[in-house]
Amino acid sequence: MTEIFAETARLILRTLDWEELPRLVQLLDVWDVARWLAVLPYPYTRKDAESFYAELEEPAEPGNPPQFFAVATKTDNLLIGGVGLHAPRGTTAEDHEMEIGYWLGKDFWGQGFMSEAVRSVVSCGFTHPEIQALIATTAVNNKASQNVLQKIGLKNMGLIERDYPALRGDDHVLKWQMTRPEWQRAYCS
Ligand SMILES: CC(C)(COP(=O)(O)OP(=O)(O)OC[C@H]1O[C@@H](n2cnc3c(N)ncnc32)[C@H](O)[C@@H]1OP(=O)(O)O)[C@@H](O)C(=O)NCCC(=O)NCCS
């Protein structure tokens with residue numbers, strides 16, 4: 001059954017339905033989307049999507065927010081993108097950080113959808129009291145993604161070396177971060 005995690009002015013953030021698997025493949029098997037996602041296989045096949053669905057079936061750690069928010073339009077409940085939330089590689093629950101990753105189907109770029117979605121996921125993340133910081137990394141020349149993060153209030157922490165094997169992209173990425181006090185100041189006052 002579909003679980004709705006959050007709603008924004010134009011979007012529903014919810015679980016991914018099995019029937020949407022072909023749509024997921026259609027949205028992600030696009031080089032202009034995949035090229036910025038360090039760990040997404042490309043070409044992106046039905047098999048890749050099946051593995052992703054299998055990962056989603058693993059229960060989230062108790063007390064943690066959902067690990068994936070399917071992004072759908074409110075008008076017709078059409079899947080247009082996704083936002084992932086996971087512990088950054090190499091960290092443990094004791095580090096109290098979560099990393100955000102996201103993508104949007106190319107036909108939907110440039111309308112403010114992802115800023116709207118990520119803003120909502122950030123708030124969902126911080127409703128879990130043990131989470132002290134949300135981070136993200138972007139390629140140095142991924143200006144669209146950097147604009148999303150800047151607009152919703154993450155700070156540019158500078159270049160860091162990528163510490164996990166990526167399928168593509170640079171070894172150095174920009175790290176972005178919002179701490180809980182920064183979130184409280186920006187979102188709750
Ligand atoms: C990054 C991505 C999610 C942005 O989604 P989006 O809904 O188009 O983003 P938004 O419209 O909310 O905001 C993007 C901002 O960047 C700007 N922007 C868009 N493309 C840009 C570009 N190529 N260069 C500079 N700025 C750009 C937009 O104008 C907007 O800023 P504004 O609100 O001040 O006008 C989408 O481009 C995407 O899926 N890219 C491929 C996957 C990806 O890069 N994921 C992130 C990995 S870190």
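Predicted model: local features only at pLDDT ≥ 70, side-chain atom pairs only at ≥ 80, totals over all residues.

Biologist: Understood. How many residues surround the ligand, and which are the closest?

Modeller: The ligand is surrounded by 21 residues, and the closest are Trp36, Met114, Ser115, Ala144 and Asn147. Two or more residues of this shell come from each of strand 5 (97–104), helix 4 (113–126) and helix 5 (143–152).

Biologist: Which element gives the largest share of the shell?

Modeller: Helix 5 does, with six residues.

Biologist: And what is the shell like by class?

Modeller: There are 11 nonpolar, eight polar and two charged residues around the ligand.

Biologist: Turning to the largest nonpolar core, which residues touch the most other members?

Modeller: That core has 46 residues, and those touching the most other members are Val71, Val83, Ile100, Ala117, Val118, Val121 and Val122. Helix 4 supplies the largest share of this core, seven residues.

Biologist: What is Val121 in contact with, leaving aside neighbours within four places in sequence?

Modeller: Val121 contacts Leu13, Phe69, Val83, Leu85 and Ile100.

Biologist: Lastly, at what angle do helix 1 and helix 3 pack?

Modeller: The angle between helix 1 (residues 21–28) and helix 3 (residues 46–57) is about 115°, and their axes are 9 Å apart. The crossing is right-handed.

Biologist: Which residues meet there?

Modeller: Leu21, Leu24 and Val25 of helix 1 meet Arg46, Ala49 and Tyr53 of helix 3. By class, this contact has five nonpolar residues, no polar ones and one charged.

Technical notes. Residues numbered from 1 in each chain as written. Near = placed C-beta within 6 Å. Helix = DSSP H or I, 4+ residues; strand = E, 2+ residues; numbered from the N terminus. Nonpolar A, V, L, I, M, F, W, Y, C, P; charged D, E, K, R; others polar. Core = buried A, V, L, I, M, F, W, Y, C linked by C-beta atoms within 7 Å. Buried ≥ 20, exposed ≤ 12 C-beta atoms within 10 Å, placed from the backbone. Contact = placed C-beta atoms within 7 Å. Axes fitted to C-alpha atoms, helices over the stretch in contact; angles between N-to-C directions. Left-handed = near helix turned anticlockwise from the far one by under 90°.
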